[in-house]
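Here is a short report on aromatic and nonpolar packing. Please look at the sequence and structure below before reading on.

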Amino acid sequence: MKTIICSDLHLTGDVDAVKFTYLQKLFSDCDQLIINGDFWDGYEIKFEKFVRTQWARLFPIMLAKNTVYIYGN
């Protein structure tokens, strides 16, 4: 079982295509995903706005992996 643990990505409203592709592949290739806080940068973008950015295309992958999200760090 391949588990990926990541933290402090601090994603903003600006979607970096290279980073997006990397995260998409990384998340897709694991069996379990644990995000240990600071997935998005709460100082740069409010959650309500963040979930409407292109980063939201990662959410179906995260749901499929039963991602554990620990708020904050």
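## Aromatic pairs

Six aromatic pairs occur in this structure, which is a predicted model. One of them joins Trp40 and Phe50: the ring centres lie 6.0 Å apart and the planes meet at 20 degrees, so the pair is stacked. Trp40 sits in the loop between strand 2 and helix 2 (47-50), and Phe50 sits in helix 2, so this pair ties together parts 10 residues apart in sequence. Both Trp40 and Phe50 are buried.

Trp40 also pairs with Tyr71. That pair is tilted, with 6.2 Å centre to centre and 50 degrees between the planes. Tyr71 belongs to the segment after strand 3 (68-70) and Trp40 to the loop between strand 2 and helix 2, so the pair ties together parts 31 residues apart in sequence.

Trp40 has 13% relative accessibility, so Trp40 counts as buried. Tyr71 is exposed, at a relative accessible area of 66%.

## Cluster and contacts

One aromatic cluster takes in Phe39, Trp40, Phe47, Phe50, Phe59 and Tyr71. Leaving aside residues up to four places away in sequence, Phe50 touches Leu11, Thr12, Phe39, Trp40, Ile45, Trp55 and Phe59.

A charged residue also meets a ring. Arg57 lies over the face of Phe20, 4.2 Å from the ring centre.

## Nonpolar core

The largest nonpolar core holds 17 residues. Among those with the most contacts inside it are Phe27, Phe39, Phe50 and Trp55. Strand 1 (3-6), helix 1 (17-28), strand 2 (32-36) and helix 3 (59-64) each give two or more residues to this core. Helix 1 supplies the largest share, three residues.

Notes
Residues numbered from 1 in each chain as written. Predicted model: local features only at pLDDT ≥ 70, side-chain atom pairs only at ≥ 80, totals over all residues. Heavy atoms only, no water. Core = buried A, V, L, I, M, F, W, Y, C linked by side-chain atoms within 4.5 Å. Buried < 20%, exposed > 50% of the residue type's maximum accessible area, 1.4 Å probe, protein only. Helix = DSSP H or I, 4+ residues; strand = E, 2+ residues; numbered from the N terminus. Contact = heavy atoms within 4.5 Å. Phe/Tyr/Trp six-rings, centres within 6.5 Å; stacked < 30°, edge-to-face > 60°. Lys NZ or Arg CZ within 6 Å of the ring centre and 35° of its normal.
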